[in-house]
Structure formats: C-alpha cells, structure tokens
Amino acid sequence: MTEPKKKSGRPVGAKTAERQPVEVRYDPCKRCGCTLKPINSQLVHEGAASGENENGKYSYFWIWAADCAKCGRKLKVYQYDYLPQEQATA
Ligand SMILES: [Zn+2]
C-alpha cells in the first residue's frame, strides 16, 4: 500500500496547530488508478474510537462508501477527527 498524498496544510509545529483539521483519506482507484476525490459519498459507519495512525491520535472516525470520479468503481473513504495536540501528547 502506498503512502497517501499529503494535502497542503498547516506546517508541523505552527502556533495555530491547536487542533488538527479533520483528515479525509482515500486510496487510488484499483481499476483506473484515478486519484481524484471520490464522488457520491455515503456515510456507512461512524463512531468514537481511540486510535492512532502516523498523523496522530484520533477520537472519531467516519467511513464513507463512494464512487470513483472517473470509472465509478466503489471505493472506501476514511475520515479522522484528530485530538488536539496537547491531548495527543498527554
Ligand atoms: Zn476508477
């Protein structure tokens, strides 16, 4: 699995990094390789969760079913709501 492309955002360690933005991530389409944002997103699951990935700890997540913007293949989209920085390091 390849590393998802980083979106432009706040630099690490910026003064305003009190709260990380909610991150949306999705894999390239397995059929056509399209990396555009999937369309027709429909929420299939959400919940509070204390988990962690390479970008930090998150407290809530959403999983969306979506369609590839090019070929319409079904894709999954993952969204994470990260904890504020000070809590994440506590
Ligand atoms: Zn596709």
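This report describes the fold, the sheet and several individual residues of a predicted model.

## Overall fold and confidence

The chain contains four strands and one helix, and read from the N terminus these elements follow the order β-β-β-β-α. Of the 90 residues in the chain, 8% are buried. When contacts between residues at least 6 apart in sequence are considered, 57% of them join residues that are at least 24 apart.

Because the model is predicted, the confidence values deserve attention alongside the geometry. The mean pLDDT of the chain is 83, with 70% of the residues reaching 70 or more. Among the elements, S4 has the highest mean pLDDT, at 95, whereas helix H1, covering residues 85–88, has the lowest, at 58.

## The four-stranded sheet

The four strands form an open sheet in the order S1-S4-S3-S2, and their pairing is antiparallel. Strand S1 (23–26) and strand S2 (39–53) are the edge strands, each of them pairing on one side only. From one strand to the next, the twist averages 25 degrees. As a general point, the strands of a sheet pair through backbone hydrogen bonds, in either a parallel or an antiparallel manner.

## Partners of strand S4

Strand S4, which comprises residues 74–82, pairs with S1 in the antiparallel sense over four bridges. Within this pairing, glutamate 23 stands opposite tyrosine 80 of S4, and arginine 25 has tyrosine 78 of S4 as its bridge partner.

S4 also pairs with S3, again in the antiparallel sense, over nine bridges. Here isoleucine 63 has tyrosine 78 in S4 as its bridge partner, so that tyrosine 78 is a bridge partner of both arginine 25 and isoleucine 63.

## The hairpin of S3 and S4

Six residues lie between the strands in the hairpin of S3 and S4, where glycine 72 takes a positive phi near 85 degrees. Lysine 70 is found in the loop between these two strands, and it counts as partly exposed because it has 15 C-beta neighbours inside 10 Å.

Although lysine 70 and cysteine 34 are 36 residues apart in sequence, their C-alpha atoms are 6.7 Å apart in space. Once its neighbours within four places in sequence are left aside, lysine 70 is in contact with Cys29, Cys32, Cys34 and Leu36.

## Alanine 65 in strand S3

Alanine 65 belongs to strand S3, which spans residues 56–67.

Leaving aside neighbours within four places in sequence, the contacts of alanine 65 are with Gln42, Val44, Lys74 and Lys76. Its C-alpha atom is separated by 9.1 Å from that of proline 38, a residue 27 places away along the chain.

Which residue has a positive phi although it is not a glycine? That residue is asparagine 40, with a phi of about 55 degrees. Most residues other than glycine have a negative phi, which is the background against which this value can be read.

Conventions. Residues are numbered from 1 along each chain as its sequence is written. This is a predicted model: local features need pLDDT of at least 70, side-chain atom pairs count only at pLDDT 80 or more; totals for chains, interfaces and linings use all residues. A residue is buried if 20 or more other C-beta atoms lie within 10 Å of its own, exposed if 12 or fewer, and partly exposed in between; C-beta atoms are placed from the backbone. Two residues are in contact if their C-beta atoms, placed from the backbone, lie within 7 Å. Two strands pair if DSSP finds at least two bridges between them. Axes are lines fitted to C-alpha atoms, for helices over the stretch in contact, and angles run from 0 to 180 degrees between N-to-C directions. pLDDT is the predictor's confidence in each residue, from 0 to 100.
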